[in-house]
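Subject: Structure handover

Hello,

Here is the structure for your files. My notes on it follow below.

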Amino acid sequence: MNDKVTLMKGNEALAMAAIRYGADGYFGYPITPQSEVLEKLEEEMPWETTGMVVLQAESEVAAINMVYAGASCGKAVMTSTSSPGFSLMQEGMSYMAASEVPALVINVMRGGPGLGTIHPSQADYFQACKGGGHGDYRMIVLAPASVQEMADFVGLGWDLAFKYRCVSMILADGLIGQMMEKVVLPEQRQRRTQEEVEKQCPWAVTGRTGMRPKNIITSLELDDDIMEANNLRFQATYRLIEANEVRCETVDTDGCDYLIVAFGSMARIAMKTMELAAQEGIKIGLLRPITLWPFPSKEVAQAAAGVKGILVPELSAGQMIEDVKLAVDCKVPVKHFGRMGGNVPTPEEVLEALKKELINA
């Protein structure tokens, strides 16, 4: 067990965790507030130690298609970007979903719409969880709330991607990417040999040695019935993921009067809000979704049983709140509190919003 504690940024933890996972390749383009991912990889020069390819592409469109190509070969490949860059990657995301190739994509969110600001936001929730590209597809979406989770979710994301032959995404806001915390990095793993890749991924395009049957990776199918069958297979995989991969954290939800549902940096702020509320005799519980998709709907409904109301604080105009409302089937009052444009609220602001929207309403 590697128990060496290191102080680093969330973005740097992503890069170091990728190297230690035994990643085969990173293809990306610098954009604030996640540029340190590429910078850290270039600083570490893993091509000299593990053989990992690190390439700055000419654009986000090029980067995602390089990931598509590497994933088609069964390789552990990734990219990272921030909100406008993620928008440019949507066509490639849809192609990868339809081709059933595993890959890891990281979005360290900044404020928008448009080029917006370089400061933190959570306004890409819809884009990540509802399928930003075209067609009926889903991605596994992991939402870290600490630098440690930034490191931990790299390996988890790849493991899930290979397990289900899908795209996994780490959706962090700019605050988590830029903040510095103590982190324990995973042990270094060896990159898989070509033989191991072919054994794990018999579907991959690795060269037709021994005249084995052809492997074809494509998202195109002109026969309507076959394309429908493909879509039904995708949906069956998504139902399997929903049944087995929901993750969330609950804090003091038993016997609470009010519930806060928040992810990422807002969940951390809500923890302090709970302390302030307790000093005033207000019992607040917290549910933090770790998988934004699949969303912990059953867990939210269970935590909400008996509460007087739910507050959903987000760094957006209100996006996850829709899934919270669906989870409780409108049986509990659900209110939103949000800041936008890169502004991050204080715990006191969140508490005042809860009082205004639920206690004193």
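Pro 113 sits in the loop that runs between strand 5 (103-109) and helix 6 (125-129); helices (H or I, at least four residues) and strands (E, at least two) are DSSP runs, numbered from the N terminus. The peptide bond leading from Gly 112 into Pro 113 is cis, with omega near 0°.

The model is predicted, so local features need pLDDT of at least 70 and side-chain atom pairs count only at pLDDT 80 or more, while totals for chains, interfaces and linings use all residues. Residues are numbered from 1 along each chain as its sequence is written, and side-chain values use heavy atoms, with hydrogens and water left out.

Trp 293 and Pro 294 are also joined by a cis peptide bond, with omega about 0°. Pro 294 belongs to the loop between strand 12 (291-293) and helix 12.

Helix 12 (residues 297-304) packs against helix 13 (residues 320-328) at an angle of about 65°, with the axes 8 Å apart. Axes here are lines fitted to C-alpha atoms, for helices over the stretch in contact, and angles run from 0 to 180 degrees between N-to-C directions. Helix 12 is therefore roughly perpendicular to helix 13 (65 to 115 degrees; under 35 is roughly parallel, over 145 roughly antiparallel, the rest oblique). Ser 297, Val 300, Ala 301 and Ala 304 of helix 12 make the contact with Val 324, Ala 327 and Val 328 of helix 13, where contact means heavy atoms within 4.5 Å.

A nonpolar core is a set of buried Ala, Val, Leu, Ile, Met, Phe, Trp, Tyr and Cys residues joined through side-chain atoms within 4.5 Å; buried means under 20% relative accessible area, exposed over 50% and partly exposed in between (1.4 Å probe, protein chains only). The largest core has 96 residues, and those touching the most other members include Met 93, Trp 158, Met 320 and Val 324. Helix 7 (residues 147-164) gives the most to this core, with 10 residues. A second, separate core has 22 residues, among them Met 266, Ile 284, Phe 337 and Leu 358.

Two residues other than glycine have positive phi. For Met 45, phi is near 50°; Met 45 lies in the loop between helix 2 (35-44) and strand 3 (53-56) and is partly exposed, at 34% relative accessible area. For Cys 330, phi is about 60°; Cys 330 lies in the loop between helix 13 and strand 14 (334-338) and is exposed, at 65%.

Regards
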